[in-house]
Amino acid sequence: MAVSGRRDLADGRTVWLREAGPADVPAIARLFTELSREAFRSRFLAGQPSPDLVSGLARIDVRPGMVCIIAATATGSAAGPGQLAAEARYVPIGDGAAELALTVLDSYQGAGLGRLLLDALAERAPASGIERLRAIVNLSNARMLHLLAPYGWALTEPVEGY
């Protein structure tokens, strides 16, 4: 599957996937602020933060090799998509590994968007020299654990406060 392009979701809605660029950071920050308190806590393991913290979390130039893929609603087009419905990223952590994270707007959860994004990240990773993706997931985040299960992910012991 190519990373960019139109995708139909299980519920009949359509989104546009593409790699994010610096101009997308405000839209990513807006996506984070539009999450419910529960969804934000599941994704960031914290309560609603300040606008400055959200801006920092939305940055996509944090580390060399970071890849961020966004999914925009179909109200736009490939050249000018609508509101963001989701974003997924990985950040290299060394030794051919990267840490991944996904954020899906509440109204798009359960429509297969997380799986599309995870597939896109997994497809993109080898081109960046990434052999393994890992995720730090709160055990109460059943949706993310369910999403990761078919990929052969293994739960490990908590580390340094996670």
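This is a predicted model: local features need pLDDT of at least 70, side-chain atom pairs count only at pLDDT 80 or more; totals for chains, interfaces and linings use all residues.
I'm counting a residue as buried when its relative accessible area is under 20%. By that cut-off, 40% of the 162 residues in the chain are buried.

**Overall layout**

I looked up the secondary structure next and found five helices and six strands. Reading along the sequence, I wrote down the order as β-β-α-α-α-β-β-β-α-β-α. I also checked the contacts between residues at least 6 apart in sequence, and 60% of these join residues at least 24 apart. For the accessible surface I got about 8800 Å², with 53% of it belonging to carbon and sulfur atoms.

How many of the 11 residues of S4 are buried? I get eight for this strand, which covers residues 84-94, so S4 is largely enclosed by the rest of the structure.

I then went through its partners. Strand S3, residues 67-73, pairs with S4 in the antiparallel sense, over six bridges. Here I found alanine 72 opposite leucine 84 of S4. Strand S5, residues 97-104, also runs antiparallel to S4, and eight bridges join the two. On this side I noted that alanine 86 has valine 104 in S5 as its bridge partner.

I had a look at the hairpin of S4 and S5 too. Two residues lie between the strands, and aspartate 95 takes a positive phi near 55° there.

**Aromatic rings**

I went looking for aromatic pairs and the count came to two. In one of them, the rings of phenylalanine 32 and phenylalanine 44 have centres 4.9 Å apart and planes at 75°; planes over 60 degrees apart count as edge-to-face, so that is what I call this pair. It links distant parts of the chain: phenylalanine 32 is in helix H1 (residues 25-33) and phenylalanine 44 is in helix H2 (residues 37-44), 12 residues apart.

The other pair is phenylalanine 40 with phenylalanine 44, which is tilted, at 4.5 Å centre to centre and 35° between the planes. These two are four residues apart in helix H2, so about one helical turn separates them. Taken together, the ring pairs link Phe32, Phe40 and Phe44 into a cluster.

Phenylalanine 44 comes in at 15% relative accessibility, so it counts as buried under the 20% cut-off.

Note on methods:
Residues are numbered from 1 along each chain as its sequence is written. Side-chain values use heavy atoms; hydrogens and water are left out. Buried means under 20% relative accessible area, exposed over 50%, partly exposed in between (1.4 Å probe, protein chains only). Contact means heavy atoms within 4.5 Å. Accessible areas come from the Shrake-Rupley method with a 1.4 Å probe; for residues, only the protein chains shown count as cover. Two strands pair if DSSP finds at least two bridges between them. Rings of Phe, Tyr and Trp (its six-membered ring) pair if their centres lie within 6.5 Å; planes under 30 degrees apart count as stacked, over 60 as edge-to-face and the rest as tilted.
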